[in-house]
Amino acid sequence: ETRSIRVLDMCTGSGCLLIALALNWQDDRVSSGDATCKIEGLGADIAAGAVEAAAKNAHDLKAGNLAFIQSDLFSKVTGTYDIIISNPPYIPTKDIESLDLEVRDHEPMIALDGGEDGLDFYKRIVQEAPHYLNKGGSLLFEIGYDEGHAVQKLMMDGGFSNVKIVRDLAGLDRVVQGVYTCLNN
C-alpha cells in the first residue's frame, strides 16, 4: 500500500526546507509500518522571485513531487495537508537595522520583518493552519533563538497539542512543533 504524505511549506523562500525534506526521503518514499509513503509538497511564498528560485532549486536537485505557488500565506492554497512547515519572517521590526550587514543587505526586507514583536506571521499561520491540516496533522515552525516560549503559547492557545520546543545542535531553541487533533474543515 502506498500513501501520500502532503506537506505545505509556508513562506518557502528558496524552498530549502521542503526540498531538504523531499531529498531526505530517498526517491520520495519513506517506510511507515506496513505502508510506503510518498511525499507530495507545495511551497507557498508571497514573492514571485522566491517561488521561481524554489522551483528551479527543486528541479535542479531532482527533489521529487514538489510544486510552488505565489500566495499571501494561505490566500491561494487549496486542499489539506498532513504537515505544515514554516520559517516565516521573525525579526522584530526595531531589530532589523542592527542585523549583520550580510543579512540586512542581502535578504529581502519582506523575508525578515516579523512585525513589532516578530510574531506577526506565527499568529496568522497558527490561526489559519487548522483549516488546511488533516486531523492529527502537524505544524512545525523554525523560530528565532528567543521566540520558543511565545510561539509555543500561540500554538497551545490555537488548539495544538503536544507542543514542544526542539533545540538545534548549538543548544538554541530552533523549532516549535505541535499536533492539531480537532477537525475544523
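These are my notebook entries on what I looked up in this predicted model.

**Entry 1: the overall fold**

I began with the layout of the protein chain and found five helices and eight strands. Reading along the sequence, I wrote down the order β-α-β-β-α-β-β-α-α-β-α-β-β. I then checked burial: of the 185 residues, 39% count as buried. For contacts between residues at least 6 apart in sequence, I noted that 68% join residues at least 24 apart. The chain exposes about 10,000 Å², and carbon and sulfur atoms supply 51% of that area.

**Entry 2: A44**

Next I went to A44, which I found in strand β3, residues 35–45. Is A44 buried or exposed? I have it as buried, because its relative accessible area is 0%, and the cut-off for buried is under 20%. Then I looked up its neighbours, leaving aside residues up to four places away in sequence. A44 touches D9, M10, C11 and T12, and also I69, S71, L73 and V77. I also checked G15, which sits 29 residues from A44 along the chain; the C-alpha atoms of the two are separated by 8.9 Å.

**Entry 3: strands β5, β6 and β8**

I turned to strand pairing here. Strand β5 (residues 81–86) runs parallel to strand β6 (residues 133–142), and I noted five bridges for the pair. Within this region, I84 stands opposite L139 of β6. β6 also pairs with strand β8 (residues 173–180), this time in the antiparallel sense and over six bridges. For G137, I found the bridge partner Y180 in β8.

**Entry 4: D82**

Staying with β5, I looked at D82, which has its place in that strand. D82 counts as buried because its relative accessible area is 15%, and buried means under 20%. What lies 2.8 Å from a polar atom of the D82 side chain? I found the backbone nitrogen of R6 there. Not counting residues up to four places away in sequence, D82 touches R3, S4, I5 and R6, along with L133, N134, G137 and S138.

**Entry 5: helix α4**

Last, I opened helix α4, residues 120–128. Which residues of α4 are buried? I listed F121, Y122, I125 and V126. Looking down the axis of α4, I saw that its buried residues fall within an arc of 125 degrees, so they line one face of the helix.

Technical notes: Residues numbered from 1 in each chain as written. Predicted model: local features only at pLDDT ≥ 70, side-chain atom pairs only at ≥ 80, totals over all residues. Heavy atoms only, no water. Helix = DSSP H or I, 4+ residues; strand = E, 2+ residues; numbered from the N terminus. Buried < 20%, exposed > 50% of the residue type's maximum accessible area, 1.4 Å probe, protein only. Contact = heavy atoms within 4.5 Å. Areas by Shrake-Rupley, 256 points an atom, 1.4 Å probe, with all protein chains shown as cover. Arc of directions from axis to C-beta. Pairing = 2+ DSSP bridges. Polar contact = N/O pair within 3.5 Å; in protein donor to acceptor, adjacent residues only side chain to side chain.
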